[in-house]
Amino acid sequence: MLEIKNLMVFFENALAINDLSLEVHRGKIVGVLGSNSAGKTTLMNTISGLIIDMKKKEDRKGGERITVLGEIRFEGEDITDTKPSERVKKGIVLSRERHPVFPDSTVEENLKIATYLRKDPQIKKSFEFVYTVFPRLKELRKRKAGFCSGGEQQMLAIGMALMTKPRLLLMDEPLLGLSPAMQQDLIRAIKEIREEGVTILVTEQFARPLLPIIDRGYVIENGTLILTGTGKELMDNPEVKAAYFGL
Amino acid sequence: MTTSILVYGLVNSVILALIAMGFSLTFGISGVANFAYGGFYLLSGYLTWMLLNYLGLPFALAMLITVAVAGLLGFLTYWVILLRVRGIALSEVIATFALGAGMLEFFRWMGFVTYEFTLPCFMKGRVEIFGVPLDYQRLFIIGIGLALVIFLYFFTHHTRIGLSFRGIAQNERTAISLGIESDWTAALSLALGSAMAAVAAIAILPLGIISINVGYDVLLIAVAVGIIGGLESVPGILIGSLILGYAQVITGMYLAPEWMMVVYLAAIVLVLAIKPSGLFGKFKELEERV
């Protein structure tokens with residue numbers, strides 16, 4: 001479904017992603033694991049096309065030079081240079097890290113804003129789906145998003161991504177900063193979303209809660225892929241244990 | 001005396017709010033401080049005048065065409081002029097200010113400076129409110145101000161484009177990641193802001209003659225109200241207008257009318273010195289922008 005070949009991303013002369021290749025197959029949950037500044041967010045921004053927008057804006061004001069090399073294919077089609085809105089139309093959507101929602105709008109309005117590109121009549125169904133996966137959001141739908149807790153905002157951020165009716169959902173560190181109970185609830189939600197036929201690519205720093213549900217994981221360090229395997233293989237790998245479980 | 005201060009202060013406040021709203025809306029959504037705002041305002045006045053006097057169009061039609069043309073010009077301003085300097089706040093201000101001054105001076109060059117340039121009132125006549133005589137045009141201005149606030153509320157809460165405006169205004173990158181286009185939205189925000197300048201012009205200009213200086217004054221008003229209330233906040237604009245509107249009327253009555261313009265400038269200096277983001281504003285970099 002998603003194929004990344006020899007991806008390299010530079011900010012000025014700093015290499016953020018180094019010759020990275022990975023594949024995501026339809027219906028799977030794929031994890032990208034790595035510590036802080038390993039390149040996870042840059043990778044997500046590159047797949048979602050946000051980096052194309054950032055590059056355009058930096059170029060305009062003569063700011064930081066951003067270079068993207070390599071190839072990103074979605075369903076066989078080269079999307080390396082397409083803008084984010086085109087990718088959302090094709091079914092790729094990113095739920096950004098640290099749950100950035102629209103704080104002055106209500107939960108329901110946040111979800112509505114996310115349907116911007118949709119012209120099909122099934123928006124109501126998407127609302128129902130989001131409220132089934134995250135019943136808490138339904139209770140909070142009249143509350144301003146800025147007044148919701150971190151966990152609730154995280155649910156909302158994912159809910160917003162779901163409102164675009166994605167085929168590939170990118171989640172950047174969805175578990176960051178959440179309580180263990182909240183993490184477990186999100187893990188359940190991620191499984192439910194997959195069961196609905198959405199393919200998932202998720203990044204995480206602390207892999208422990210995530211490893212049991214991922215079909216394949218990629219471990220990256222300083223923008224370089226250092227290890228890959230199924231969730232189980234990674235769980236049993238002593239290096240991963242030491243680096244990411246703190247064991 | 002007190003009642004007339006109350007009534008005329010309110011009218012004056014609504015006038016200021018009408019003038020400031022378009023400017024602040026554009027800034028709130030796209031971060032563009034559209035310093036060509038006065039140019040758009042005056043262009044709308046002259047355009048309506050030309051449509052009425054050269055083409056003999058009915059007033060309602062002339063108004064509609066003017067609002068549409070102003071909107072279109074705002075839209076084009078973004079793609080043709082602003083796109084190249086987008087993100088460099090100072091260049092945005094300089095480019096739009098030059099454009100606005102160019103528009104205003106163009107009309108001066110055309111010789112649009114005599115007393116014949118006036119727009120008709122919607123309806124002639126007056127009423128008395130608490131013993132204070134008030135003409136219908138000023139009543140209409142209050143009505144239009146109210147209608148515009150209600151329209152804006154509905155537009156930004158219940159339409160797809162309006163919701164996308166709020167998305168971009170609150171968190172641009174998240175909005176982009178959901179498929180909303182920032183350039184497109186910014187261009188539309190300029191279009192809407194300019195169209196609102198046209199609405200304000202058509203409502204307010206019948207109170208006096210259309211003169212070039214009005215264009216510069218309007219920009220000053222928009223900036224002053226925005227700075228006091230906080231540029232991106234609608235309640236801020238309304239309260240900023242009320243403060244300035246009443247302060248002006250009181251100054252005009254107790255001091256002298258020529259001090260009324262000083263009120264804006266004093267208010268700008270005071271607010272920037274004490275609370276630079278405005279009474280209700282959130283933008284910390286406001287003082288850098290304006």
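The model is predicted: local features need pLDDT of at least 70, side-chain atom pairs count only at pLDDT 80 or more, and totals for chains, interfaces and linings use all residues. Residues are numbered from 1 along each chain as its sequence is written, chains are lettered from A in the order in which they are written, and side-chain values use heavy atoms, without hydrogens and water.

Thr164(A) counts as buried because its relative accessibility is 8%, the limit for buried being under 20% (1.4 Å probe, protein chains only). Its side chain reaches the backbone oxygen of Ala161(A) at 2.7 Å. Beyond residues up to four places away in sequence, Thr164(A) touches Val88(A), Val93(A), Ala114(A), Arg118(A) and Leu178(B); contact means heavy atoms within 4.5 Å.

Leu33(A) is opposite Val219(A) of β9(A).

β9(A) also pairs with β10 (residues 224–229), antiparallel and over five bridges. Here Tyr218(A) has Thr228(A) as its bridge partner. The two strands form a hairpin with two residues between them, and Asn222(A) in the turn has a positive phi of about 50°.

## Nonpolar cores

The largest nonpolar core has 71 residues, of which Phe23(B), Ile204(B) and Leu244(B) touch the most other members. Such a core is a set of buried Ala, Val, Leu, Ile, Met, Phe, Trp, Tyr and Cys residues joined through side-chain atoms within 4.5 Å. Helix α1 (residues 2–30) of chain B gives this core its largest share, 13 residues. Apart from this core lies another of 55 residues, including Ala114(A), Leu156(A), Ala175(B) and Leu178(B).

## Interface between chains A and B

In the interface, 30 residues of chain A are in contact with 29 residues of chain B. The chains bury about 2600 Å² between them, 53% of it on carbon and sulfur atoms; this is the accessible area (1.4 Å probe) that two parts lose on being put together, summed over both. Arg60(A), Phe102(A) and Tyr116(A) supply 30% of the area that chain A buries against chain B, more than any other three residues.

Five salt bridges are counted between the two chains, each a side-chain nitrogen of Lys or Arg within 4 Å of a carboxyl oxygen of Asp or Glu. One of them joins Glu109(A) to Arg166(B), with the closest N and O atoms 3.0 Å apart.

Technical notes:
Buried < 20%, exposed > 50% of the residue type's maximum accessible area, 1.4 Å probe, protein only. Polar contact = N/O pair within 3.5 Å; in protein donor to acceptor, adjacent residues only side chain to side chain. Pairing = 2+ DSSP bridges. Helix = DSSP H or I, 4+ residues; strand = E, 2+ residues; numbered from the N terminus.
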